[in-house]
Amino acid sequence: MTESSTTPPRTGQAGDEPTSFSAPPSAGLRHAERQRLAEADAGSAAWRDWGPYVAERAWGSVREDYSADGEAWGSFPHDHARSRVYRWNEDGMAGFCDTAQDWCLSLALWNGVDPILKERMFGLSGPQGNHGEDVKEYWWYLDGTPTHSWQTWRYHYPQREFPYDDLIAENARRDRLVPEYELVDTGIFDDARYWVVTVDYAKASPHDLLMRITIENAGPEPARLQVLPTFWFRNSWSWGYPDHGRPSMQLHGGRVVGADAPSGSFALLGDGVPETLFCENETNTERLYGQPNSTPYPKDGINDYIVSGAATVNPSNEGTRVALHYDETLAPGQRKVIRVRLVATTDPTVESIDVGEGFDAVVTARQAEADEFYADLTPDTCGLEEARVLRQAYAGLLWSKQFYHYDVDRWLDGDPGQPPPPPGRGDVRNGDWRHLNNHEILLMPDPWEYPWYASWDLAFHCVTLSHIDPQFAKDQLILLLREWYMHPNGQIPAYEWNFSDVNPPVHAWAALRVFLHDGGTDHRFLARVFHKLLINFTWWVNSKQHGDNNLFQGGFMGLDNISPIDRSKLPPSLGYLEQADSTAWMAMYALDLLEMALRLAVEDRSYEDVATKFFEHFLAISGAANNAGLWDEKDHFFYDVLHLNDGRDISIKVRSLVGLIPVTAAVSYDDLVPERLPEFAGRASWFLTNRPLLADSFHVRRDPDRVHRLLSVVSPQQLIPLLEKVFDEEGSLSSYGVRSISAWHRDHPFRIDTGGVDASVDYEPAESTTALFGGNSNWRGPIWMPLNVLLVEALRDYDAYLGPDATLEYPAGSGNRLTLGETADDLTRRLVSIFLPGPDGRRPVYGTYDLLATDPRWKDNVPFHEYFHGDTGMGLGASHQTGWTSLIAHLILRLHQPPADHRAIHHGKPHSSVLPTSWSTSPGL
């Protein structure tokens, strides 16, 4: 038995044929980065082989949890991370690695007073934080290109002793009713006593990586900093698989040279004469478990040598982990540059490696090419600050790529070279997912707080990424539908904490957006996705429909605590819940698959009959949503309905995003579709005539030169009053976007008695005061980027269908009437303003923190949080959520498209004039 033998061939990996070759959206291949992308897509140069694929955190993850009770945070805490080998993947600061993570390169620092090296970002575990897990450091992803030919990372490292114990104790003292205690609250940055540490990566070729480290003393006095760029092999040899031998490296002629069977030979060289420190990537069992070590130079050997002078580095200058040790003392304001170069080479002992003028020339060229790349991407009408936000949003998204390794079967049973794990772990988590075997580069929601993929997050990531790297976006969407991800029953894995959780089915919506951003011609990609989504759609119908009434359940559906009750744990003895959002998501899913089928049918008529299937299925779901009690005609809104076993039906009248999701289930087409697809048109006509009760969701608008047809859950007559209720600044509309729950509930909480238990919802604009569904996020008031983006997209497409005569009062009570397109523009500007300096020069995302919002070294480093305060726009939750919050880049690009091009960017160009130019879709919310 070998580890590699269980790893199937992978989509998008080296040697795999891409779904198609198409240049990224640009004016040809004028620029160097676009040329590199074209070479990577064509397989002629492996520019994506090395990248920022190292997580910021691997401790506290499900994969590393081998406990009997599934308490992952306690099973592998932060205190173990410096001493204990990771089984599945590595972590580090500003890390790079290869696509299989055979090796890693990252940064370690020591300020001379901390109890440990700063090798990874510190944060509180879920149980430690008063609002769940939370990183307690300040770093930013400032730049990056799709091939990772240029990447920039910045960190502010305190010169005073890092307050580990204070952060743990004070957050433990606080409850959910008060904010989190952050690093800046400790006063550690007072008097600017910190280091500004910037890491730039540049590639001279696909396998020639330059690492430039710049340190700046921001403090008022001279200060000393020890800088340790660190290279190591991921430990794949300790688990009992004979084909995974131990690699080696050693010092030779002032450089580190070595070889690893999968990666080949390499050389690592730093400028100057750094001290070279070797140890082994092996667990310090003596420190952690009181058992003898297998080596006198374990994983934390470099840490112990630097911090306490222990004899824990190998004097023979060999091992599987090495650091180049630079000891620098700088005057106030002084900067120092350190150059490190990693080269894959057939003879690492003789090849010349330039860490001088040639190094600087490469760095300068790559930075200039990155400038050129983003200048070409950024619309001319973008202001300087919008351009900054756009570029940093993409930087964060590109830095969020991570090597993710998890073989559930092996994780449950254990490795042959290790003690067997406790029995029954599959009953705690993921026991039904033994087929899942992940060993790829994947986009993560947040490299520290959520260093694992989440399927619905990833769909949004791909929409944004497809503007600059459509091939990688397509490969990601295909990957989650492959046999080593998707369950045999058709379910798409949610995330490692519970792969069986149910999140909104947005994969089809995202695939269509990516297809269209890429030009709308890669029908092979569309077909590959479509065929697998047919299986997933069937899983939804078979498992989440209550009976056969076309109304759907699904539990929390990604919206965590938005309901007064835990929608994932409603006792059957109490009753059952029919969900407005789940039903609308399924209506949207049916329409997305309808659009896919129609687009494929114009190329291959065999898809016409499956298009009619989704046409009819949508009408059935939409009819149920409108006629079974979810729609409240008096309130002009959709609500969940709780059916109690005592015969009572209770409408959950919470004005939330749950009731907005139906707005986005819509698709329109004109006369050319029935002309091109007569079988579809004939069957649709028959169905509408013979099923009149389901025809209410089919709408027609006639112009002198064409007939427009609209399929939608929300009719044009329902749409305007619903939106006018939403766009009330005393209700759902904030200065910074649409709130997850209306501020009206601040003074009018909704209460319900369920089985003798009183449950309620009010408006909570910041972090959650309840532990419902984890408690580390809040859908009871804050602004969430993905659903706001879906609403903006829907408004644009309704505008394309209804035309300029359809207006609404916006905001409610203002007397101003705007078209739906103008409304979408204003909502976009509100969302973008979270990240832009206001009239006072402060970015709302930074909230009340003066240092972050006003200091020149801080204020232009833009964070992209998980969600945002419903009243102030302050960033909340995970602080590096440039997974889906990078959608702000998508919004900026859409906002600055000329009006005639809004649909062009959304829908692409027709293929050989077969697909009608008037085709229009309202994407799902």
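# A walk through the predicted structure

Ala812 is partly exposed, with a relative accessible area of 26%. The model in which this residue sits is a predicted one. Ala812 belongs to the loop between β32 and β33. Setting aside neighbours within four places in sequence, Ala812 is in contact with Glu724, Phe727 and Asp728. Arg335 lies elsewhere: Ala812 and Arg335 are 477 residues apart in sequence, and their C-alpha atoms are 54 Å apart in space.

Most peptide bonds are trans, and most residues other than glycine have a negative phi.

Asn317 is not a glycine, yet its phi is positive, at about 55°. Asn317 is placed in the loop between α6 (301-308) and β15 (318-319). Its relative accessibility is 22%, so Asn317 counts as partly exposed. Asn430 also has a positive phi, near 65°, and is located in the loop between α10 (425-428) and β19. Asn430 has 5% relative accessibility and therefore counts as buried. The cut-off that matters here is 20%, since buried means under that value.

Another loop residue to look at is Ser61, between β1 (50-51) and α2 (72-75). Ser61 counts as buried because its relative accessibility is 3%. Apart from residues up to four places away in sequence, Ser61 touches Ala72 and Glu496.

In soluble globular proteins, nonpolar side chains tend to be buried together. Here the largest nonpolar core has 195 residues, and Phe615 and Phe727 touch the most other members. Helix α15 (residues 580-601) provides the largest share of this core, with 16 residues. What does Phe615 touch, not counting residues up to four places away in sequence? Its partners are Leu594, Tyr669, Phe680, Ala684, Phe687, Leu688, Phe698 and Leu711. There is also a second, separate core of 61 residues, and Tyr157, Trp195, Leu209 and Met211 are among its members.

The next stop is a set of packed helices. Two packed helices are described by the angle between their axes and the distance between the axes. For helix α11 (residues 455-465) and helix α12 (residues 470-479), the angle is about 160° and the axes are 8 Å apart. These two helices are therefore roughly antiparallel to each other, an angle over 145 degrees being what that term requires. The crossing of α11 past α12 is left-handed. On the α11 side the contact involves Leu458, Ala459, Cys462 and Leu465, which meet Pro470, Phe472, Ala473, Gln476 and Leu477 of α12. Sorted by class, this contact has 8 nonpolar residues, 1 polar residue and no charged residues.

Helix α12 also packs against helix α13 (residues 507-517), at an angle of about 155° and with the axes 10 Å apart. As a result, α12 and α13 are roughly antiparallel to each other. Here again the crossing is left-handed, with α12 passing α13. From α12 the contact uses Pro470, Ala473, Lys474 and Leu477, and from α13 it uses His507, Ala510, Ala511 and Val514. The classes in the contact of α12 with α13 are 6 nonpolar, 1 polar and 1 charged.

How much of α11 is buried? The count is 11 of its 11 residues, so α11 is largely enclosed by the rest of the structure. The buried residues of α11 include Trp456, Asp457, Phe460, His461 and Thr464. The elements covering them include α8 (384-399), β19 (437-443), α12, α13, α20 (785-802) and α23.

Note on methods: Residues numbered from 1 in each chain as written. Predicted model: local features only at pLDDT ≥ 70, side-chain atom pairs only at ≥ 80, totals over all residues. Heavy atoms only, no water. Core = buried A, V, L, I, M, F, W, Y, C linked by side-chain atoms within 4.5 Å. Buried < 20%, exposed > 50% of the residue type's maximum accessible area, 1.4 Å probe, protein only. Helix = DSSP H or I, 4+ residues; strand = E, 2+ residues; numbered from the N terminus. Contact = heavy atoms within 4.5 Å. Axes fitted to C-alpha atoms, helices over the stretch in contact; angles between N-to-C directions. Parallel < 35°, antiparallel > 145°, perpendicular 65-115°, else oblique. Left-handed = near helix turned anticlockwise from the far one by under 90°. Nonpolar A, V, L, I, M, F, W, Y, C, P; charged D, E, K, R; others polar.
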